[in-house]
Amino acid sequence: MAIGSISTGTPSRTTASGSCAESAKELPQGVFVFTSNVDGQFQKAGFAEECIAECHGSIHHLQCLDGCHDGIWPADDFQPQLDEEACLLRSEFPLCPRCRGIARPNILMFGDWGWLAASSEAQEARLHAWLQQVRHLLVIEVGAGTNIPTVRRLGERLPGQLIRINPTEPELPPGQGISIAAGGLAALRAIDACLV
Ligand SMILES: [Zn+2]
């Protein structure tokens, strides 16, 4: 089973993902997450790090803004202090350990030619290796829209069954799967209830 998700901004996402993470432990061939989210919510929900592909990077990792080297490192030591009302960072910027210049999040932004893709490419290599050996693939696509259709296209391209969960864009090509016009949490809970 693979789960694709794109950011919806809903506070229930971790809860829904947590339910999936629990259910996935019972699957003999496991689960793999492919997501364009950059917020690390799938790790927080209990999915194993080695079974997650973040195609647009992760805000929990940093790289040098000036590109002095190709390293990508965890952002664990960066604890931002924010003035949310003024939308300002009150603490120091994170720094590159090599050139001491400013570091940036290792996430792909619009028109971004400086993003280092090595981490995401390694994750996607693990995903494709898993896909090679999995049988009876089920793709559950949650909240993947058409504006940036990376996740949506992957689900349509893979062999196997596709369940598309999307409250506003549930359309599917003819004969390609099952479409559920609902929010992610409600639909995943309903599917989970049917499996008990
Ligand atoms: Zn640097």
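**Figure 1. Ser-58 faces Asn-106 across a strand pair.** Ser-58 sits opposite Asn-106 of β8. The two strands involved, β4 (residues 57-64) and β8, pair in the antiparallel sense over five bridges. Pairing here requires DSSP to find at least two bridges between two strands. Helices (H or I, at least four residues) and strands (E, at least two) are DSSP runs, and the numbering starts at the N terminus. As background, strands of a sheet pair through backbone hydrogen bonds, either parallel or antiparallel.

A word on what you're looking at: this is a predicted model, in which local features need pLDDT of at least 70, side-chain atom pairs count only at pLDDT 80 or more, and totals for chains, interfaces and linings use all residues. Residue numbers run from 1 along each chain as its sequence is written.

**Figure 2. The largest nonpolar core.** A nonpolar core means a set of buried Ala, Val, Leu, Ile, Met, Phe, Trp, Tyr and Cys residues joined through C-beta atoms within 7 Å. Buried means 20 or more other C-beta atoms within 10 Å of a residue's own, exposed means 12 or fewer, and partly exposed is in between, with C-beta atoms placed from the backbone. The core has 23 residues, and Val-33, Phe-34, Phe-47, Cys-51 and Ile-52 touch the most other members. Elements giving two or more residues to this core are β2 (32-35), β3 (52-54), β9 (138-142), α4 (150-157), β10 (161-165) and α5 (184-195). In soluble globular proteins, nonpolar side chains tend to be buried together.

Figure 3. Which way do the side chains of β2 point? Phe-32 and Phe-34 go one way, Val-33 and Thr-35 go the other, and all are buried. β2 runs parallel to β3, joined by three bridges, and Thr-35 has Glu-54 of β3 as its bridge partner.

Figure 4. β9, α4 and β10 make a right-handed β-α-β unit. Right-handed means that, with the strands pointing away from the viewer, the path from the first strand over the helix to the second runs clockwise. β9 and β10 pair in the parallel sense over five bridges, and Glu-141 is partnered by Arg-164 in β10. β10 also pairs with β11 (residues 178-180), again in the parallel sense, over three bridges; there, Ile-163 has Ile-178 of β11 as its bridge partner. Four of the five residues of β10 are buried.

**Figure 5. The two sides of α4.** Val-151, Arg-152, Leu-154 and Gly-155 are the buried residues to look for in α4. Seen down the axis, they fall within an arc of 160 degrees (from the directions between the helix axis and the C-beta atoms), so they line one face of the helix. Arg-153 and Arg-157 are exposed on the other side of α4.

**Figure 6. Helix α5 and Gly-184.** Buried residues of α5 are Gly-184, Leu-185, Ala-187 and Leu-188. They cover an arc of only 165 degrees around the axis, which puts them on the same side of α5. The face turned away from that buried side carries the exposed residues Ala-190, Ala-193 and Cys-194. Gly-184 has 24 other C-beta atoms within 10 Å, so it counts as buried.

**Figure 7. Two loop residues with positive phi.** Most residues other than glycine have a negative phi. Arg-100, in the loop between β7 (88-89) and β8, has a positive phi of about 65 degrees although it is not a glycine. His-136, in the loop between α3 (118-133) and β9, also has a positive value, near 55 degrees. How many C-beta neighbours does Arg-100 have inside 10 Å? Arg-100 has 10, so it counts as exposed. His-136 counts as exposed because it has 10 C-beta neighbours inside 10 Å.
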